[in-house]
Each structure stands twice: as C-alpha cells, then as structure tokens.
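Here are my notes after going through the model you sent over. I've kept them to charged pairs and one bit of surface, as numbered points.

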Amino acid sequence: MRKLSYAGSRFIASVFAVAALAACSELQVPEPTAPLTAAATKTANTGWGDPTGFVNVCKKAGPPGEYYFHIEVTGGGDAYVAPDQELMFDGMTLVCVDLYKALNRDSWGEGVVAQVTVTEVEIPDGVAVDFIDVWRNDVQIDHVTGSSSATTTLGPDDHIAFGFANTGKNEVCTDKDASNYGGPLPCEYPPPPGKTFTIGPSSMEGHLKIPAGSWFNGGYSFKFKSNQHIATQFTVTAKVEVPVNCPYGGGPGGTILIPLGTRTYNVPAGNTNWLPTGDANSILSWMGAVQSPDLCGGFLMDNARGAIFTATVSQNPPTGTLVDFRFKYRDPAAKGKVDTNCTDPLAPKRNDAATCGASWSQTVTDP
C-alpha cells in the first residue's frame with residue numbers, strides 16, 4: 001500500500017493514517033499539538049476542541065514542478081486556516097498539503113456547515129487544470145472540468161480532499177530531464193545504462209475492446225534469483241506497449257504506450273522476495289497509468305495480441321546475480337469494470353481485486 005507524501009504541510013494533523021486513506025476507510029486524525037503555521041489564521045481562541053474535520057488538496061497528475069493553492073471559507077465554526085499553500089510534485093507520485101482544520105465543536109452548532117472553495121493559482125505557462133476530483137469521507141462527490149477551482153461544504157467532522165490534475169496546454173514535454181524538453185509529446189529520454197530485455201507479447205487480459213480515454217495501467221515485479229548476493233541499488237526503466245487495430249472503423253490503429261518511469265529500489269543482501277511486492281492487487285505493483293488515446297476515431301480499439309513489456313535494468317554495485325521479471329496490464333473499462341486509475345489511492349475501486357488485480361505474465365530472467 002503506497003504511502004501518500006504530505007509535502008509542505010504545516011498541520012501536525014497531517015500525520016493521519018494514510019494507509020486508511022488508500023483503503024478508502026474512515027480517516028483517524030490524531031489531536032494536533034501545534035498550530036498549522038505561524039501565518040495561519042485562528043478564528044477563535046478556544047483551543048483545539050474535538051472536531052475531526054479537515055480539508056487538504058492533492059496534486060494527482062501534471063508536469064513536475066511547484067504548484068500553489070488558495071482556499072476561501074464562508075461560514076462554519078472555529079477553524080485553523082492556511083489560506084495559501086504550495087507543494088512540490090514530481091510528475092508521478094500523489095502529494096497533498098493541508099489547508100483547513102475544524103476546531104471547537106461548540107462553535108459549530110447543530111447543522112452548521114462551512115463552504116470551502118479551493119483554487120489552483122499561479123499556474124505555469126503552458127499548463128492547464130484538466131480536472132478536479134472532490135472527495136468527502138472517502139466518497140467522490142464531484143468531478144470538475146473546465147475550471148481551476150472547486151467548491152463544496154464541510155461539517156465539523158467531514159474529511160475533504162481536492163485532487164487536481166493538470167495537462168500541458170501546448171502538448172509539449174515539460175520535463176527538463178528529457179532530451180526533447182520543450183518539444184512535442186511524448187517526452188523522450190536517453191537510454192539508461194544497463195541491459196535491456198522484453199517480455200511478450202503476453203495476453204493475460206484476453207481479447208480487449210478499449211474505449212478511448214479509459215485508464216490503462218501497467219506494472220511489474222522482480223526478484224533476485226540467488227540468496228547470496230550483496231546489497232545493491234537496482235534501477236529499472238520500463239514501459240508497456242499495447243498494439244491496437246480498428247476493426248470497427250475509424251483509422252489504422254497504433255500503439256498505446258504506458259510509461260512506467262525510472263525507479264531505483266534498495267535490495268537488501270540475500271533478498272529473494274518479489275519486489276516491490278508480490279501482491280498483484282497492491283498499489284505498489286502498478287507503476288504507471290495513462291488515459292488511452294483515441295487511435296480509432298471514436299470507435300473501440302481492438303487488442304487481441306496482448307502487450308509487450310520492455311525494461312532496462314542495472315545494479316549498483318553489480319552483484320553477479322540474475323533477476324526474474326514479470327509484468328501485468330489492465331484497462332478496467334475494457335474488462336467491463338469501473339474505469340479506474342489503479343495507481344490512484346483515492347479511486348473508489350482501487351482496492352477491488354476484480355478491478356485492479358490483474359494477472360502476472362510469464363516469468364523471464366534478465367539476460
């Protein structure tokens with residue numbers, strides 16, 4: 001179960017049980033012991049009180065960089081408010097920051113609610129807000145498009161999360177580490193050092209009919225074959241490619257690319273477990289997700305050949321030990337399930353095995 005990062009947070013309350021958030025169960029917020037920030041506004045000098053309500057904002061997708069948010073609050077009871085917060089997003093890992101904490105239950109009264117509006121501000125050139133998902137008490141209540149702000153109401157014990165996703169307006173690569181930075185998407189990278197191998201085509205998912213815009217997820221796991229190896233850092237750069245054609249019309253088809261990024265894993269000496277996990281339903285087993293491009297002019301895309309996994313791997317220091325690999329892919333909508341980004345811990349069906357618990361491919365040893 002992946003742990004969410006709360007970069008830039010000043011709430012002591014932000015150390016709530018993020019594992020419970022990923023499991024979509026009720027959050028438990030420990031009693032804070034310090035104010036949100038020196039610049040935060042305390043609306044009444046009545047102490048922390050006992051409400052558990054809070055608001056945080058999360059960056060779910062977009063180019064790497066620093067993002068800024070502003071909260072406006074109307075009504076409600078006593079609260080600590082951080083009107084302006086920023087967070088650093090690496091382009092892949094969900095990151096959140098706290099904006100609001102309800103205080104002093106007596107000040108709220110029966111039926112009292114606050115209206116909260118969260119806005120992304122100082123949006124970088126060439127970047128736009130694609131959508132905002134709003135969650136209350138682990139249930140998605142809104143999906144906002146065409147706006148950089150979203151509004152909802154908050155009771156004294158409501159847990160509210162605003163998840164912002166951004167896209168590049170000009171469809172250019174905004175990753176400065178890419179070799180085609182400033183050029184057209186997708187971002188391109190020089191090949192990393194190491195050895196490269198492929199698995200597939202492998203058709204664990206069967207014959208798929210893929211809707212444009214549906215979430216397509218990819219992941220892998222690996223294990224060292226010998227228990228005699230020294231500790232090492234194992235770097236993996238990987239992708240999954242899904243070839244499609246258009247038997248129902250609309251075009252020639254093409255390939256859906258699911259980048260899985262570059263990740264470095266610390267492998268202890270002698271470890272032969274499947275890493276980062278052997279659980280095919282764990283969020284740790286999914287490294288990437290994309291919304292399927294429209295390669296068939298609005299018609300369903302057809303995949304009967306399966307998918308191809310490509311990885312370049314290296315060990316530092318070298319251990320002399322070979323490594324077993326396997327991969328998986330899943331488009332829940334193409335399997336008749338709820339369209340789901342299996343890398344998103346806030347997605348309501350993220351932990352449903354029938355939705356995100358795809359089968360592994362055959363095991364292949366790196367050459």
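Are E120 and K59 buried or exposed?

1. Both E120 and K59 are buried. To count as buried, a residue has to have under 20% relative accessible area. Keep in mind as you read that this is a predicted model.

2. Those two residues are also a charged pair: the E120 and K59 side chains form a salt bridge, with 2.8 Å from N to O. The partners come from distant parts of the chain, 61 residues apart. K59 belongs to strand 2 (residues 54-61), while E120 belongs to strand 7 (residues 114-121).

3. Zooming out for a moment, a search of the whole structure turns up 10 salt bridges. I'll go through some of them below.

4. Next up is K195 with D366, whose side chains meet in a salt bridge at 3.5 Å, N to O. K195 sits in strand 12 (residues 195-202) and D366 in the segment after strand 21 (364-365), so this contact ties together parts that are 171 residues apart in sequence. As for cover, D366 has 1% relative accessibility and counts as buried. K195 has a relative accessible area of 30%, which makes it partly exposed.

5. Then there's D324 and K225, another salt bridge, where the closest N and O atoms are 3.4 Å apart. D324 is part of strand 20 (residues 323-330), and K225 is in the loop between strand 14 (215-224) and strand 15 (232-244); the pair therefore ties together parts that are 99 residues apart in sequence. K225, at 47% relative accessibility, counts as partly exposed.

6. Salt bridges can also share partners, and that's the case for K60, D133 and D344, which are joined into one network this way.

7. F299 is in the loop between strand 17 (288-291) and strand 18 (301-303). Its relative accessibility is 40%, so F299 counts as partly exposed; the cut-off for exposed is over 50%.

How values were computed
Residues are numbered from 1 along each chain as its sequence is written. This is a predicted model: local features need pLDDT of at least 70, side-chain atom pairs count only at pLDDT 80 or more; totals for chains, interfaces and linings use all residues. Side-chain values use heavy atoms; hydrogens and water are left out. Helices (H or I, at least four residues) and strands (E, at least two) are DSSP runs, numbered from the N terminus. Buried means under 20% relative accessible area, exposed over 50%, partly exposed in between (1.4 Å probe, protein chains only). A salt bridge is a side-chain nitrogen of Lys or Arg within 4 Å of a carboxyl oxygen of Asp or Glu.
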